[in-house]
Amino acid sequence: MSDATGIEWADASWNPVTGCSKVSPGCAACYAETLARRFGGDAFRPWTAANAAHNVVLHPERLDQPLRWRKPRRVFVNSMSDLFHETIPDAFIDRIFSIMARASQHQFQCLTKRPERMREYIIGRVAGNERAAAFWSFFEGRELQPGWPLPNVWLGVSVEDQRRADERIPLLLDTPAAVRFLSCEPLLGPMRLDRAV
């Protein structure tokens, strides 16, 4: 599987999870679902909540891919899914974050339409918390210093209209992150970002 991407703000994509379900109008023409439809054959099912158990697939065999890249890259995490989809177990997200911590030469860009789950997950891993201790146990015997937020992980939200901006941006701002970003696409109407802050 190629890691190259045509996305102008990233050098590579890394998909330890594929598949999703639609949560808002910005999902109507999802490019990832279009690709899944094109290449999924008879296994394809529309990306609805009812099909999430079938469509959202964990790929543990892909987890170590960034560790094999020597040259630093800007990596879009889960371009074919949403890292914070409700069916992805916290333990698997822990494994993804552990790889991002170990592959510190890269910048990882995590984009979601589920900022509530992202915020809850990140806050649950803040140092001093027992969940954070469990997360950092992945690194026993390695030269890593625990700490949140991870300095090489960018957290972002997609906003497609004023309603989603008003809902998602405050949650992003309330989420500990080294870098926060917005993806304002597909734009479905006028939007004032200053109203959401």
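## Helices and the overall plan

In this report, a helix is a DSSP run of type H or I with at least four residues, and helices are numbered from the N terminus. Helix α1, for example, spans residues 31–40 and contains Glu33. The model described here is predicted.

The protein contains seven helices and seven strands. Read from the N terminus, these elements follow the order β-β-α-α-β-β-α-β-α-α-β-α-β-α. Of the 197 residues in the protein, 47% are buried. Among contacts with a separation of 6 or more, 79% are between residues 24 or more positions apart.

The side chain of Glu33 forms a polar contact with the side chain of Lys22, at 2.8 Å.

When neighbours within four places in sequence are set aside, the residues in contact with Glu33 are Lys22, Phe44, Pro46 and Trp47.

## Ala52 in helix α2

Helix α2 covers residues 52–55, and Ala52 belongs to it. The relative accessibility of Ala52 is 5%, so this residue is also classed as buried.

Ala52 and Gly19 are 33 residues apart along the chain, yet their C-alpha atoms are separated by 7.6 Å. Apart from neighbours within four places in sequence, Ala52 is in contact with Ser21, His85 and Thr87.

## The packing of α3 and α4

Two packed helices are described by the angle between their axes and by the distance between those axes. For helix α3 (residues 90–102) and helix α4 (residues 115–124), the angle is about 70 degrees and the axes lie 12 Å apart. Angles of 65 to 115 degrees count as roughly perpendicular, and α3 and α4 are therefore described in that way.

Which residues in α3 and α4 meet? On the α3 side they are Asp90, Ile93, Asp94 and Phe97, and on the α4 side they are Arg117, Tyr121 and Ile122. Four residues of this contact are nonpolar and three are charged, while no polar residues take part.

## Strand β6 and its partners

Strand β6 consists of residues 153–158, and five of its six residues are buried, so that the strand is mostly covered. On one pairing, five bridges connect β6 with strand β5 (residues 107–112), and the two strands run parallel. Within this pairing, Cys110 has Leu155 of β6 as its bridge partner.

Strand β6 also pairs with strand β7 (residues 179–183), again through five bridges and in a parallel arrangement. Here Trp154 stands opposite Val179 in β7.

## Backbone features in two loops

The loop between β4 (74–77) and α3 contains Asn78. Asn78 is not a glycine, but it has a positive phi of about 60 degrees. Is Asn78 buried or exposed? With a relative accessibility of 1%, Asn78 counts as buried.

Conventions
Residues numbered from 1 in each chain as written. Predicted model: local features only at pLDDT ≥ 70, side-chain atom pairs only at ≥ 80, totals over all residues. Heavy atoms only, no water. Axes fitted to C-alpha atoms, helices over the stretch in contact; angles between N-to-C directions. Parallel < 35°, antiparallel > 145°, perpendicular 65-115°, else oblique. Contact = heavy atoms within 4.5 Å. Nonpolar A, V, L, I, M, F, W, Y, C, P; charged D, E, K, R; others polar. Polar contact = N/O pair within 3.5 Å; in protein donor to acceptor, adjacent residues only side chain to side chain. Buried < 20%, exposed > 50% of the residue type's maximum accessible area, 1.4 Å probe, protein only. Pairing = 2+ DSSP bridges.
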